[in-house]
Amino acid sequence: MICCSNFLLRVGALALVTVLSTACGGGGASNTTPVAPVTPVLPITSALSNVLDIRVDAGPADSGYNVNRLYVDVRICQAGSSQCQTIDHVLLDSGSTGLRLLSSVIPLSLKLDRKTASTGFPLLNCAQFVDNTFAWGPVALADVVLGGKTAANVPIQLIADPAAGNPPVACSGGGTAMSSIADLGAKGVLGLGLFKEDCGRGCETTLHNGFYYTCASATCSSTSGVKVPLAEQLKNPAALFASDNNGMVIELPAVASSGATSLSGSLIFGVDTRDNNRPTSGLVLTTNASGYFSTMLAGKTMAESFLDTGSNGLYFDSAVFPVCAGSSRGFYCPASINNLTATLTGANRVSTPVSFSIDNAAAMFADASKVVLPSLSGPFGTSAGFDWGLPFFYGRRVLIGFEGRASSLATGPYYAF
């Protein structure tokens, strides 16, 4: 779960809710706040690096108190053109798939082609996250530039575009809409997860799939579900690169238990494709078809566990640790720091111990200058899973293998660290 506009609101896993058992036009974007003008840029060349800077900081202006939020800069371009815009403070989320940007941060002058469904009306996307929040908006095409790598003609979501109308109940489900920087604590979400599409084969054959909709009329006063082929679904942009496209490496330094005001690291594209993304360990945990491995803690097995940079803490249900009261609710508040060890086991039956700490969230939140909190934890809401959020990544080199893509370690989906 990520912490959004303030630490009172926990946003989930930014891991997509799996609706299906398979794991799963034209015109500018809407604009409701001032943004920088679009400026022409030189074409990207293949000689540039496969490294993208990543950082944990206080977040974009006017977004409240954000903790353990991993941000990147993303450049999007009108497909096939040099008209581009760099969007800062996009949340890097290894628990979802696809680039989702708030429509309000995209200039009107950057005209992204809108996708239409088979009906001829706009194609709309719903992303439901595990904390009962959701993102709703149309699908558009853009060239996506991450560091020195470019993915062309990528379907992306424009969150909260007014032209999309209101989301259906099947999407909103009584949850909270992520429709502004204050809601999201970011300007968008870059989903670089295990999977290549946000839905997969199920959305090709299932009409009411929970991910894709289309307007029922030109006014878009109502919507209906629609089947969408793989080619038109939201994509993991890193899997579309011409090279270094079989996975990625996330490197972040270790953090003292007292926390830090900021943190910088690297996102390296590819696994064992260059000197800078060689595996440093032979430990590989493959996942099942839904992206899960197993966690055992205190004699309890949680079979639906996953790694997620989009979650701002370590989330699991426990009867041992008290939940905070008041403004820190949703997190654990033990009387003192607790040092624990869990055992992670992959679908390949490889196991490894992982040590972690849990401290008092209310005490940590008392110093608002500290936004890097390695001991932040809270309840998950289901006894079946353990959400290993961003604190897991501190002090580790984590490799993520994309589904169906081979490396010297394994064929994805897998994690290695």
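Author: Let's start with a disulfide: Cys 126 and Cys 171 are bonded, with their sulfur atoms 2.1 Å apart. Bear in mind that this is a predicted model.

Reader: Which parts of the chain do Cys 126 and Cys 171 sit in?

Author: Cys 126 is in strand β8 (residues 123-128) and Cys 171 in helix α1 (residues 169-172). They are 45 residues apart, and the pair links distant parts of the chain.

Reader: And what's the handedness of the link of Cys 126 and Cys 171?

Author: Right-handed, with 90 degrees about the S-S bond.

Reader: Is Cys 126 buried or exposed?

Author: Cys 126 counts as buried, at 1% relative accessibility. Cys 171 is buried too, at 1%.

Reader: How many disulfides turn up in the whole structure?

Author: The search finds 5 disulfides. Counting bonded cysteines along the chain, the pattern is 1-2, 3-4, 5-6, 7-8, 9-10.

Reader: Give me another couple, with geometry.

Author: Cys 199 is joined to Cys 203, S to S 2.0 Å. The torsion about that S-S bond is about 90 degrees, so the disulfide is right-handed. Both Cys 199 and Cys 203 are buried. Then there's Cys 324 to Cys 333, with S to S 1.9 Å. That link is right-handed with 95 degrees about the S-S bond. Cys 324 has a relative accessible area of 5%, and Cys 333 has 15%, so each of them is buried.

Reader: OK, switching to charges. How many salt bridges are there?

Author: The count comes to 12 salt bridges. One of them pairs Lys 187 with Asp 88, the closest N and O atoms being 2.7 Å apart.

Reader: Where do Lys 187 and Asp 88 lie?

Author: Lys 187 is in the loop between α2 (181-184) and β12 (188-192), while Asp 88 is in strand β6 (residues 83-93). The pair therefore ties together parts that are 99 residues apart in sequence.

Reader: Is Lys 187 buried or exposed?

Author: Lys 187 is buried, with a relative accessible area of 19%. The cut-off for buried is under 20%. Asp 88, at 26%, counts as partly exposed.

Reader: Which residues are linked in a network of salt bridges?

Author: Arg 55, Asp 57 and Asp 73.

Reader: Now the greasy bits. How many residues has the largest nonpolar core, and which have the most contacts inside it?

Author: That core has 86 residues, and Phe 356, Trp 388 and Phe 392 have the most contacts inside it. There's a second, separate core of 10 residues, which includes Val 139, Phe 211, Val 226 and Leu 234.

Reader: And the aromatics?

Author: The structure holds 19 aromatic pairs. Tyr 65 and Phe 365 make one of these, edge-to-face at 5.9 Å centre to centre, with 85 degrees between the planes. Tyr 65 lies in the loop between β4 (51-56) and β5 (70-77) and Phe 365 in helix α4 (residues 361-365), so the pair ties together parts 300 residues apart in sequence. Tyr 65 and Phe 365 are both buried.

Reader: How are the rings of Phe 356 and Trp 388 arranged?

Author: Their centres are 5.3 Å apart and their planes at 85 degrees, so that pair is edge-to-face. Phe 356 lies in strand β22 (residues 351-358) and Trp 388 in strand β24 (residues 387-388), so this contact ties together parts 32 residues apart in sequence. Phe 356 is buried at 7% relative accessible area, and Trp 388 is buried at 1%.

Reader: What aromatic cluster do they belong to?

Author: One that includes Phe 316, Tyr 332, Phe 386, Phe 392 and Phe 417 along with Phe 356 and Trp 388. Arg 396 lies over the face of Phe 392, at 4.3 Å from the ring centre.

Reader: Last one: what's the overall tally for the chain?

Author: The secondary structure comes to 4 helices and 26 strands. Of the 417 residues, 57% count as buried. The chain exposes about 14,900 Å², with carbon and sulfur atoms supplying 54% of it.

Note on methods: Residues are numbered from 1 along each chain as its sequence is written. This is a predicted model: local features need pLDDT of at least 70, side-chain atom pairs count only at pLDDT 80 or more; totals for chains, interfaces and linings use all residues. Side-chain values use heavy atoms; hydrogens and water are left out. A nonpolar core is a set of buried Ala, Val, Leu, Ile, Met, Phe, Trp, Tyr and Cys residues joined through side-chain atoms within 4.5 Å. Buried means under 20% relative accessible area, exposed over 50%, partly exposed in between (1.4 Å probe, protein chains only). Rings of Phe, Tyr and Trp (its six-membered ring) pair if their centres lie within 6.5 Å; planes under 30 degrees apart count as stacked, over 60 as edge-to-face and the rest as tilted. Helices (H or I, at least four residues) and strands (E, at least two) are DSSP runs, numbered from the N terminus. A charge sits over a ring if NZ of Lys or CZ of Arg is within 6 Å of the ring centre and within 35 degrees of the ring normal. Accessible areas come from the Shrake-Rupley method with a 1.4 Å probe; for residues, only the protein chains shown count as cover. A salt bridge is a side-chain nitrogen of Lys or Arg within 4 Å of a carboxyl oxygen of Asp or Glu. A disulfide is a pair of cysteine sulfur atoms within 2.5 Å.
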